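Trainee: I would like to take a close look at a single part of this chain.

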Amino acid sequence: MVPARKKGDVEARKRAPATGIRTGSRVEDIQRSFLDNLFCSIGRLPRAATRNDLYTALALTVRDRVLKQGVRTLEAYTEQDARVVAYLSAEFLPGPHLANNLLNLGIMDQARQAMNGLGVNLDELFEQEEEPGLGNGGLGRLASCYLDSLASVEIPAIGYGIRYEFGIFDQIIRDGWQVEITDKWLRFGNPWEIARPEIAFNVPFGGRTETWTDEADRFRVRWIPETVVKGVAYDTPILGYRVGTCNRLRLWKAEAVESFDFDAFNHGDYYRAVEDKMFSENITKVLYPNDEHGAGKELRLEQQFFFVTCSLQDMIRVHLSLGRPLEKFHEHWAVQLNDTHPAITVIELMRLLVDEHLMDWDTAWKVTRKTCAYTNHTLLPEALETWPVSLFGHLLPRHLELIYAINHRFLEKVRARFPGDEARASRMSLIDESGTRSVRMANLATVGSHHVNGVAALHSDLLKKYVMHDFAALWPEKFCNVTNGVTPRRFVAVSNPPLGELLTERIGETWLRDLDQLRRLETWADDEEFQGRWRDVKSTAKHRLMGLIQQRTGVVVDPTSLFDVQAKRIHEYKRQHLNVLHILTQYLRLKRDPSADVPARTFIFGGKAAPGYDMAKLIIKLVTATADRVNGDPDVAGRLKIVFFPDFNVKNAQPVYPAADLSEQISMAGKEASGTGNMKFSLNGALTIGTLDGANVEIREEVGAENFFLFGLTAEQAQERMRRGYRPRDVYEQNEHLREVLDFIGSGALAGGDRGLFRPLVDNLLWSDPFLVLADYQAYIDCQEQVNTLWRDETAWTRTSILNVARMGKFSSDRSIRDYCEKVWKVEPLQVTMEAIEPCCAGEE
């Protein structure tokens with residue numbers, strides 16, 4: 001609650017120049033704007049304002065300053081005829097906006113002083129902000145890191161996605177099990193977005209096609225849809241760091257073309273009166289419906305086509321409004337497909353150009369292929385999207401016709417290049433003819449794009465060697481690598497202010513734009529005074545997380561213990577259960593020998609399991625059951641502690657990354673495309689224990705092999721192990737400690753005597769073990785002993801932590817975006833003028 005304004009506040013308001021009130025950066029400007037928004041936008045007196053009122057007023061105050069740069073950015077792009085990157089993604093996880101925008105504007109101190117002067121705690125307003133849960137995990141967060149970096153390196157860009165009413169579920173733990181709760185992120189509104197009802201496009205579904213010859217004697221196809229919905233734009237400004245560029249994230253909401261049927265209402269059919277409205281809005285109701293059933297699959301395909309066609313129609317609208325010919329569309333737009341979810345872009349752009357704008361086929365195909373580029377994010381075959389031909393044809397009949405036409409032309413080229421190799425043609429076809437006929441979206445994206453990139457060096461190599469081998473043989477020049485990155489603004493400066501301040505004190509603030517500047521920290525790696533301050537920063541972060549853990553779980557942890565963290569989506573290939581096997585190995589060791597030299601460790605888990613993924617949910621239950629056993633055993637008190645930190649998302653991750661001492665990156669080699677959590681932990685001073693998987697390979701190369709705890713089979717060794725006939729039961733029989741741990745789990749000791757609870761998990765490991773958990777077990781246990789040895793040497797551990805941070809410059813998302821610009825998009829930065837920020841004391845007496 002804001003106290004009533006004092007006479008001095010009124011006088012300061014009178015002194016403030018009129019031109020600076022709305023967008024000025026002085027403390028009094030921010031105060032005046034904040035109070036004006038509280039009065040005029042929210043209709044509240046300070047004494048009656050809730051915390052959400054105060055947050056909203058400050059968000060609107062900051063948004064005014066951001067939008068000022070947004071307008072200038074649009075003017076600059078139009079005046080300079082810029083080529084624009086359109087980043088299409090079904091997921092975005094931007095995280096809270098307020099702190100990030102204050103940082104990027106350079107007015108964090110001014111805002112804090114302004115709020116303090118009004119009796120408002122800025123940190124409480126940060127905590128009030130809801131997180132837009134518009135993504136499932138790493139894919140969405142990467143997309144948001146890239147939008148941040150596109151603006152920060154001054155690249156003309158726009159992000160396109162879906163405005164889900166309900167995002168990724170909120171997670172609670174009940175009786176040790178994950179329970180999914182609806183994510184009502186819009187329940188208080190969203191002060192950062194601006195509705196654009198005048199920017200709306202019709203989206204057809206179903207129906208049939210018919211052909212005819214027009215007056216110019218051209219063969220034409222008309223799509224006669226069964227239903228049509230409307231996509232309405234909502235814009236969120238994305239401001240770069242201390243630059244004039246402010247790009248947009250444009251999300252589409254589904255609405256009915258006509259939301260109310262008066263005729264049905266007048267005839268007493270009240271349900272049918274609003275039926276179209278309910279059907280239409282259902283498309284953007286929830287992130288990723290359960291697609292185990294037909295209705296879920298259909299809705300997911302509807303979502304993908306919905307946001308793709310709205311985005312393409314929007315680009316064409318802008319393009320034509322500027323008087324540009326569509327034959328040069330690719331010269332002004334670089335469309336990046338973030339995984340296969342927007343792969344239908346290839347077909348929809350063809351449809352719009354050929355059917356709607358009467359472009360000839362060959363020209364349209366040239367424009368399409370020069371416009372689109374595709375990022376592959378997975379090596380898991382089951383994650384490469386396919387759609388049953390029957391469903392695809394039912395929902396998008398014209399698009400299926402176009403796919404057949406493209407496939408016919410494409411396979412003619414394949415057969416000409418590789419005559420007699422029908423097996424190759426079958427593998428490369430856009431249609432999978434084996435079993436239920438289906439459309440292969442990764443093949444479609446590859447055929448219709450000018451570049452295909454992986455997201456880590458290893459991933460890109462494996463992509464060309466296995467998943468896309470046939471395409472790489474046909475078009476080797478099309479494939480490239482762009483290793484993922486993360487933004488240091490959010491994941492250090494916002495998430496870990498004490499570390500950010502220490503870095504700035506020693507090397508200046510340029511590291512926030514040029515992460516390679518961190519190399520200069522190596523000078524102080526052995527400095528005793530600097531090491532002490534480094535440990536103080538880590539201790540502050542651990543105490544902060546300790547308080548949150550106790551508040552949210554009731555578990556009291558020791559901040560002087562080693563914080564061992566594995567926080568990521570729960571999946572068998574990420575091998576959280578391997579981590580649990582290590583914990584139980586240490587637990588049983590201490591039970592046998594209480595005097596064993598095992599340093600105190602707090603194991604922290606976080607992450608969500610997909611609602612329909614039973615084995616992942618059982619892994620969560622295994623973690624919590626192990627926690628109940630270990631945390632409640634006085635024999636290991638002060639030695640081992642286990643926490644499952646619920647509802648891991650961007651906001652909740654921000655206190656976790658800074659507090660970690662050890663980062664668990666233990667996926668089976670060859671399964672993780674890249675990973676970005678590994679980068680965030682290392683950037684905050686955590687040491688990594690991991691396999692040679694994804695970006696771990698490059699992190700180890702950068703930080704030095706001696707500063708990385710490596711274990712496990714390589715991707716090639718894992719492939720060979722499986723090829724030779726892997727028998728996990730033999731590993732179990734030959735390793736007494738592993739046998740002891742698995743027998744302990746199977747005995748029901750973690751389940752109140754219920755031997756059946758974890759039987760599916762144990763049997764899976766003993767008889768299948770598709771992700772080689774048992775094969776890597778002993779190497780993992782041995783590597784953890786190396787961790788213990790280094791942890792006992794405080795000076796050596798601190799030195800290694802400093803060097804990890806110092807050598808993380810490569811993993812900035814700014815570098816990733818520059819790589820895309822050079823290798824894929826051929827886009828140049830465009831500077832936008834920016835007003836100088838007043839110092840926080842400007843105008844004060």
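Mentor: The model is a predicted one, in which local features need pLDDT of at least 70 and side-chain atom pairs count only at pLDDT 80 or more, while totals for chains, interfaces and linings use all residues. Residues are numbered from 1 along each chain as its sequence is written, and side-chain values use heavy atoms, with hydrogens and water left out.

Gly106 follows α5, and its phi is positive, near 80 degrees. Helix α5 itself covers residues 98–105; helices (H or I, at least four residues) and strands (E, at least two) are DSSP runs numbered from the N terminus. Eight of the eight residues of α5 are buried, where buried means under 20% relative accessible area with a 1.4 Å probe and protein chains only. Among them are Leu98, Ala99 and Leu105, together with Asn100, Asn101 and Asn104. The cover over these buried residues includes the helices α4 (51–79), α6 (108–117), α7 (122–128), α8 (138–152) and α22 (488–494), as well as the strand β8 (227–239).

As for the setting of this helix, the secondary structure of the chain comes to 37 helices and 22 strands. Of the 845 residues of the chain, 61% count as buried. The radius of gyration, taken over C-alpha atoms, is 28 Å; this agrees with a compact globule of 845 residues, which would have a value near 28 Å, because the globule rule is 2.2 Å times the number of residues to the power 0.38. Along its principal axes, the C-alpha trace spans about 90 × 85 × 60 Å.

Notes. Buried means under 20% relative accessible area, exposed over 50%, partly exposed in between (1.4 Å probe, protein chains only). Contact means heavy atoms within 4.5 Å.
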